[in-house]
Amino acid sequence: MATFEDFQKLDIRVGKIIEVESFPEAKKPFYKLKIDLGAEMGVKKSCAQLCKNYKKEDLIGKLVLCVVNFPPRQIGPALSEVLTLGVPGNDGECVLIQPEMGVPLGGRLY
């Protein structure tokens, strides 16, 4: 069983998607995202399987939650620096976890 101390080791921050690109080189349908995590963290890259539930243009400006203290992960030719969080929808495809409006970029989940 995980402890509260285990949870505190995760650094989960609020970010805003500022750029979305197709990622045809990936084995599965992915987007390449650029996410603004505020002044302290800056802009980070993420690869996410969002293609079935989101159009590229609909993702721009969305607030998301990201794990920022995992090691970078190579996804094909792209490097994913943060893990963008989602849950499976009714169709089993990723639905983003989105904070309410009025939260600062880079704000930490507690």
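Predicted model: local features only at pLDDT ≥ 70, side-chain atom pairs only at ≥ 80, totals over all residues.
Local features require pLDDT of at least 70 and side-chain atom pairs pLDDT 80 or more, while totals for chains, interfaces and linings use all residues. Residues are numbered from 1 along each chain as its sequence is written, and side-chain values use heavy atoms, with hydrogens and water left out.

**View 1. The open sheet has five strands with antiparallel pairing.** Strands are DSSP runs (E, at least two residues), numbered from the N terminus, and two of them pair if DSSP finds at least two bridges between them. The order is β3-β2-β1-β4-β7; β3 and β7 are the edge strands, each pairing on one side only. Five antiparallel bridges link β1 (residues 12-22) with β4 (residues 63-67), and K16 has L63 of β4 as its bridge partner.

**View 2. I35 is a buried residue of strand β2 (residues 31-36).** Its relative accessible area is 0%, where buried means under 20% (1.4 Å probe, protein chains only). Beyond its neighbours within four places in sequence, I35 is in contact (heavy atoms within 4.5 Å) with residues including I17, V43, V64 and V82.

**View 3. The largest pocket holds about 460 Å³ of space.** A pocket is an open set of points on a 1 Å grid over the protein atoms alone, where a 1.4 Å probe fits, with protein on both sides within 12 Å along at least five of seven lines; lining residues have an atom within 4 Å of a point. The volume is the space filled by probe spheres set on the points, which are joined across faces, edges and corners. Of the 20 lining residues, F30, C47, Q49, R73 and L83 are the closest to the centre of the pocket. Strand β8 gives the largest share of the lining, three residues.

Methods
Helix = DSSP H or I, 4+ residues; strand = E, 2+ residues; numbered from the N terminus. Buried < 20%, exposed > 50% of the residue type's maximum accessible area, 1.4 Å probe, protein only.
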